[in-house]
Structures are given as C-alpha cells and as structure tokens.
Amino acid sequence: MADDFDLDAYFARIGYGGPAGPDLETLSALHAAHVAAIPFESLDPLTGRPVKLDLDALQAKLVRGRRGGYCFEQNHLFRGALEAIGFEVAGLAARVVWMSPPGATLGPRLHMLLKVDIGGAPWLADVGFGAHLQDAPLRLEVGVEQPTGVARYRLDQEGELLALAVHQAGDWRRAYVFDLTPQLPADYVAPNWYASTAPDFLFTSMLVAERLTPQARYNLVNTRLTERRTDGTISERTLASADELAAALDEVFGIEPPVPVAEVFAKIAVG
C-alpha cells in the first residue's frame, strides 16, 4: 500500500509542511491537519455513486479532487499516508452507538478506526467519525480523561469491548464500541457496501458533512448548517436554496459536488 501513496500530494492537500517520521509529533500534526482540510461528507451514497476503497480511487477523490468522504474512505486514506511514512498501523472496526439509547442492542460494525503503535505504545487514530470528528490521536488507555485541542475523550471498558466517550454538555456520551481485533481489507468490503447502498441507512437518504478546524466545528445535516466555535458560541442557519447549499459546500467545506447542486438540494430540501 505504502508504495502506491503520493505523500507529497497528500501533504499539499492538508497543508502540512512539518517533519514526517513515525512518531507521535507527526501523527498528531497529521491528524489535526487532515480533519481540517478533508471534510467528512456523504455525497456519493446520497447520489447513488459507488464508494471505492482502493488507494488509487481514494487519492483521486480525496487528495486530487475537491472532495471528502466517510469513515471507510477517510481512515483508509489516512492509513495509506501513515504506512508510507513508516508507521505500524492496524485497521479496527466499531459499532456506532452515538444515537442509540442506553441498553439498546448493538448494531453491525459500520465504522473504521486505526490502531497505531509508536515505540511499543498503542494509539487510536480516527479521522472519519462524522458525528463528532476527532482532532487528535488518543492513548489506548482505559478510564483516563484525554483532552485534545477542542474536546475531551475517555475510553471505558465494557465487558470485552472498549467504548469511546465524548464529554458533552456536562456528561459523557458514547460514540462507538470496539475491540482490538485487526481487520483485513476484505473485512471492510461488505460494511462499506451496506453503508453506501442500503436504502434504510442514513447516508443514502441524508446529506452529512463535517469539518473540524482549531477555530470551529462545522456540521451540515441536509440543509441545517451549524458552526460551533471553540469559544463556546454556536450559530445555526437553514440553507434555503441550491445556491446557498453550493456556497456552503464550497466556502465552508471545500467540496465540489459530483452532480449538480440542484440535484442534491432536491433530495434534501424539506417543505
């Protein structure tokens, strides 16, 4: 995989010009730069376009194109960059519980994250959890609050599973649960196909986009655009036309849609 990765193009895409060694400094800097530059977005599932996970397709779309992607694309791309640098990386799979009530039955493994070993110490990297993008890698350490530049995280042990929790509104909210079983590339094929094609899955019926910078977290859910700044201020507005959607995709997320924006707006506009 590493031999096929264009590190120079990736660094240019995320605006990174620092050191590139298999160390925590590099991992942390790349993690933050990636989520600031390459947005999470679900335009391909929404518009019925195939989501390809081979490295050539990912680089064409997320690096050379003005596009983002969802977890399988983002973390496959990030893994390619890390391995090209020389990091030891394993792909993991998680079950999302972000919107689930306490005690709900767990769903399938529809999220990808990465375990990165640095000097014998394991770290979790995840540039693709679109419900709450993560700006930094986390130590694989249970029960310890881990503040990053824009959020607070904690890993909890739940039986044989680990749960990632995010501190929000004075409480801890579970994001997903997982174990440390390494996944083969083939293990992501069926979950990726389901997440991008199933008519009852949110990405095929909703537009979701997110970008995280040191200054603000930007979320778009259909026509609702929210900006949460690090100073605590929040602004929201509804995009009332295809032109407003086009401006938001371009100016806020840096996305050039694969189909005419009017076609996207017709799928997501309510009322």
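Predicted model: local features only at pLDDT ≥ 70, side-chain atom pairs only at ≥ 80, totals over all residues.
Modeller: Residues are numbered from 1 along each chain as its sequence is written, and side-chain values use heavy atoms, with hydrogens and water left out.

Colleague: What makes α5 count as a helix, and how does its span agree with its 15 residues?

Modeller: Helices are DSSP runs of H or I with at least four residues, strands are runs of E with at least two, and both are numbered from the N terminus. The expected span is 1.5 Å times one less than the number of residues. For the 15 residues of α5 that gives 21 Å, and the end C-alpha atoms are 21 Å apart, so the two agree. After α5 comes Gly 86, with a positive phi near 120°.

Colleague: Why is α5 called largely enclosed?

Modeller: Buried means under 20% relative accessible area, exposed means over 50%, and partly exposed is in between, using a 1.4 Å probe and protein chains only. In α5, 13 of the 15 residues are buried, so the rest of the structure largely encloses this helix.

Colleague: What makes Asp 250 and Arg 66 a salt bridge?

Modeller: The rule asks for a side-chain nitrogen of Lys or Arg within 4 Å of a carboxyl oxygen of Asp or Glu. For Asp 250 and Arg 66 the closest N and O atoms are 2.9 Å apart, and the pair forms a salt bridge. The two belong to distant parts of the chain, 184 residues apart: Asp 250 sits in helix α7 (residues 242–251) and Arg 66 in the loop between α4 and α5. Asp 250 has 37% relative accessibility, so it counts as partly exposed. Arg 66, at 38%, is partly exposed too.

Colleague: Which residue forms a salt bridge with Glu 236?

Modeller: That's Arg 224, with the closest N and O atoms 3.1 Å apart. Glu 236 is in strand β13 and Arg 224 in strand β12, 12 residues apart. Glu 236 has a relative accessible area of 45%, so it is partly exposed; Arg 224 has 36% and is partly exposed.

Colleague: How many salt bridges are there, and which residues do shared partners join into one network?

Modeller: The structure holds 15. One of them pairs Arg 229 with Glu 227, whose closest N and O atoms are 2.5 Å apart. The network is made of Glu 41, Asp 44, Arg 49, Lys 61, Arg 67 and Glu 73.

Colleague: How do you know which strands stand at the edges of the sheet with β1 and β13?

Modeller: Two strands pair if DSSP finds at least two bridges between them. Five strands form an open antiparallel sheet in the order β1-β10-β11-β12-β13. β1 (40–41) and β13 each have a single partner strand, so one side of each has no neighbour in the sheet. Further in, β11 and β12 are joined by six bridges in the antiparallel sense, and Arg 217 has Arg 228 in β12 as its bridge partner.

Colleague: What is the order of the sheet with eight strands?

Modeller: It runs β5-β4-β3-β2-β9-β8-β7-β6, again open and antiparallel. β5 (138–139) and β6 (146–147) are its edge strands, each pairing on one side only. Strand β7 (residues 152–158) is joined to β8 by six bridges, and Glu 158 stands opposite Leu 161 in β8.

Colleague: What makes something a pocket rather than a cavity?

Modeller: On a 1 Å grid over the protein atoms alone, a cavity is a set of points where a 1.4 Å probe fits but cannot get out, while a pocket is an open set with protein on both sides within 12 Å along at least five of seven lines; lining residues have an atom within 4 Å of a point. The largest pocket has a volume of about 1,400 Å³, where volume is the space filled by probe spheres set on the points, which are joined across faces, edges and corners. It has 50 lining residues, and the closest to its centre are Trp 98, Phe 129, Gly 130, Ala 131 and His 132.

Colleague: How do the lining residues of the largest pocket divide?

Modeller: Ala, Val, Leu, Ile, Met, Phe, Trp, Tyr, Cys and Pro count as nonpolar, Asp, Glu, Lys and Arg as charged, and the others, Gly among them, as polar. That lining has 27 nonpolar, 15 polar and eight charged residues. For the second largest pocket, the lining has four nonpolar, no polar and six charged residues.
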